[in-house]
Amino acid sequence: MAEKRYQVAVIGSGPAGIYASDILSKSGLPVSIDIFEKLPTPYGLVRYGVAPDHPFVRSIAGALYTVLQRGDIRFFGNVNVGTDITIEDIHTYYDAVIVATGAETDAPLNIPGTHLEGVHGAADFVSWYDGHPNHPRTWNLEAENVAVIGVGNVALDITRMMMRDVDYLVEHTDIPANVEEGLRANKVQNVKIFGRRGPAQVKFSPREMGVFGKLPDVDMKVFPEEFAFDPASEEAIQGSKGVAQVVDILKEWGERDPETFTAPKQIHLHLMQRPVEILGTTRVEGIRMERTRLSGDGNVTGTGEYVDYPVQAVYHATGYASSPIPGLPWNEKAHVIPNEAGRIIQDGKPMPGYYATGWVKRGPVGLIGSTKSDAKETITNLLADAEAGKLKATGDGSGAQGVLDLLASQGKRPTTWQGWELLDTFEKNLGSKVGRERIKVVSGEAMTAISHGEEYTGELI
């Protein structure tokens with residue numbers, strides 16, 4: 001009897017999905033791996049969730065390209081699992097399904113006033129300036145004074161994009177024409193970033209801070225009187241080189257002489273304050289913050305002292321959230337798929353053949369290193385289940401052919417890796433005409449047509 005060759009589907013083509021696929025492909029298990037992505041293009045949040053001037057985007061995208069370019073892992077874009085095809089349908093054709101859909105929506109900011117005009121989630125702003133095809137093409141940047149809630153790298157990203165010189169972005173990034181137009185109308189002059197805890201709890205990375213602290217024509221001001229440390233803070237500083245570096249950078253910023261602040265734009269970082277209400281009638285007029293105190297374990301309690309700041313827009317960057325997949329269990333509170341070490345759990349038991357990895361598995365925490373180790377854990381358990389004879393398609397097990405036949409019967413047009421290479425070349429050629437490395441195509445219709453080798457004469461945005 002011939003050795004069984006397993007068919008495995010991966011849902012999501014960001015780092016989590018690609019790393020899991022790469023690890024599985026090198027495991028020694030006889031396996032065919034197909035990645036399905038709802039967008040026409042691969043890479044997930046690397047293409048649509050990171051600021052275009054991020055210094056490490058190119059290296060991460062390059063690593064993902066190297067994996068998919070080998071050809072032993074197939075890519076199918078324009079396939080929305082849950083609407084175009086059900087997760088149950090996928091399992092009829094595949095012995096195992098790995099969900100790696102990431103997190104691309106904003107975690108809610110549960111305070112009064114979030115309904116006001118001028119309140120934005122960071123993920124929506126990121127999707128706009130990254131040219132996500134499923135988001136609006138315009139963005140209102142008329143507010144001069146802006147509040148950013150959150151002290152993670154996304155808060156730095158969105159603030160940096162508001163404060164960057166547009167000519168720099170045009171010269172050094174792939175922003176499309178509609179984003180350039182929106183940023184040239186940008187009126188933001190002052191950004192206040194708020195964190196509810198102290199310097200040792202800030203989630204910035206030292207590398208990100210290094211870039212952020214040197215923005216041209218921008219003064220960065222922090223307030224040492226708002227610094228606070230408790231035993232948990234000291235333990236964090238002693239136990240992590242990264243935390244110690246972040247605290248040192250913040251202290252260095254706090255020592256800058258205010259009399260030297262002459263730049264036309266200002267960024268103020270306020271710590272030990274938490275938002276309690278966004279002020280205004282129909283649109284944002286201000287934000288009310290409560291001063292906090294550390295409680296000894298790194299958490300905070302309110303002091304009952306409030307400060308109102310006049311701003312005309314509020315961006316909350318307090319975390320991303322994953323979205324449920326119809327047909328799979330869902331933890332509504334944590335915004336993750338219930339699982340045990342990557343095995344998806346329903347009614348207290350593993351669902352045969354279903355796995356999760358990345359942020360949809362553990363929540364939106366950790367960087368690339370965490371994603372790789374996370375994928376290794378999930379694949380280790382998948383391999384154990386294969387060894388135990390637990391992996392079997394619920395239908396004919398025909399893999400991609402069954403999926404493609406079903407999609408074709410519905411008039412769907414998946415894209416492929418070869419199609420991405422066509423689009424990749426098209427975007428690079430688009431940029432080379434004006435001396436840029438690349439210009440993104442925004443329109444989903446355009447991306448699909450170009451990926452199919454068709455001549456496209458419509459709008460690229």
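Just after helix H3, Gly71 takes a positive phi of about 100 degrees. The structure is a predicted model, in which local features need pLDDT of at least 70, side-chain atom pairs count only at pLDDT 80 or more, and totals for chains, interfaces and linings use all residues. Residues are numbered from 1 along each chain as its sequence is written, and side-chain values use heavy atoms, with hydrogens and water left out. Helices (H or I, at least four residues) and strands (E, at least two) are DSSP runs, numbered from the N terminus.

Helix H3 covers residues 57–69. The expected span of a helix is 1.5 Å times one less than its number of residues. For the 13 residues of H3 this gives 18 Å, and the end C-alpha atoms are 18 Å apart, in agreement. Buried residues (under 20% relative accessible area; exposed is over 50%, partly exposed in between; 1.4 Å probe, protein chains only) in H3 are Val57, Ala61, Leu64, Val67 and Leu68. They cover an arc of only 115 degrees around the axis, which puts them on the same side of H3. The arc is that of the directions from the helix axis to the C-beta atoms. An α-helix has 3.6 residues a turn, so residues three or four places apart point the same way. The buried residues of H3 pack against helix H1 (15–25), strand S2 (31–36), helix H2 (45–48), strand S3 (73–77) and helix H15 (417–432). Contact here means heavy atoms within 4.5 Å.

Strands S2 and S3 also belong to an open sheet of eight strands. Its order is S16-S17-S18-S4-S1-S2-S3-S19, with mixed pairing. Two strands pair if DSSP finds at least two bridges between them. Strand S16 (339–340) and strand S19 (415–416) stand at the edges. Each has a single partner strand, so one side of each is left without a neighbour in the sheet. Helix H13 (residues 368–387) packs on this sheet. H13 touches S1, S4, S16, strand S17 (343–346) and strand S18 (349–356). The direction of H13 makes about 125 degrees with that of S18. Axes are lines fitted to C-alpha atoms, for helices over the stretch in contact, and angles run from 0 to 180 degrees between N-to-C directions. Within the sheet, S1 (residues 6–11) and S4 (residues 96–99) run parallel and are joined by four bridges. Ile11 stands opposite Val99 in S4.

A second open sheet has three strands in the order S11-S12-S13, with antiparallel pairing. S11 and S13 are the edge strands; each has a single partner, so one side of each is left without a neighbour in the sheet. Neighbouring strands of this sheet are turned by 25 degrees against each other on average, direction ignored. Seven bridges join S11 (residues 273–280) to S12 (residues 284–294). Glu277 has Arg288 of S12 as its bridge partner. A hairpin of three residues links S11 to S12. Seven bridges also join S12 to S13 (residues 300–309), again antiparallel. Met289 stands opposite Val307, and Leu294 stands opposite Val300. The S12–S13 hairpin has five residues between its strands. Gly296 in that turn has a positive phi of about 105 degrees.

Strand S14 (residues 313–316) is buried on both faces: Ala313 and Tyr315 point one way, Val314 and His316 the other, and all are buried. In a regular strand the side chains alternate between the two faces of the sheet. S14 runs parallel to S6 (residues 119–121), with three bridges. S14 also runs parallel to S7 (residues 145–149), with four bridges. Tyr315 stands opposite His120 and is the bridge partner of Val148.

Helix H11 (residues 241–254) has 14 residues. Its first and last C-alpha atoms are 20 Å apart, close to the 20 Å expected at 1.5 Å a residue. Ser240 caps the N-terminal end of H11, with a side-chain oxygen 3.3 Å from the backbone nitrogen of Gly242. The buried residues of H11 are Ala244, Val246, Val247, Ile249, Leu250, Trp253 and Gly254. They pack against helix H9 (206–212), strand S9 (218–222), helix H10 (231–239) and strand S10 (265–270).

Ser451 lies in helix H16 (residues 444–451). Ser451 is buried, with a relative accessible area of 7%. Its side chain reaches the backbone oxygen of Gly419 at 3.4 Å. Neighbours within four places in sequence aside, Ser451 is in contact with Thr415, Gly419, Trp420, Leu422 and Leu423.

Technical notes
Polar contact = N/O pair within 3.5 Å; in protein donor to acceptor, adjacent residues only side chain to side chain.
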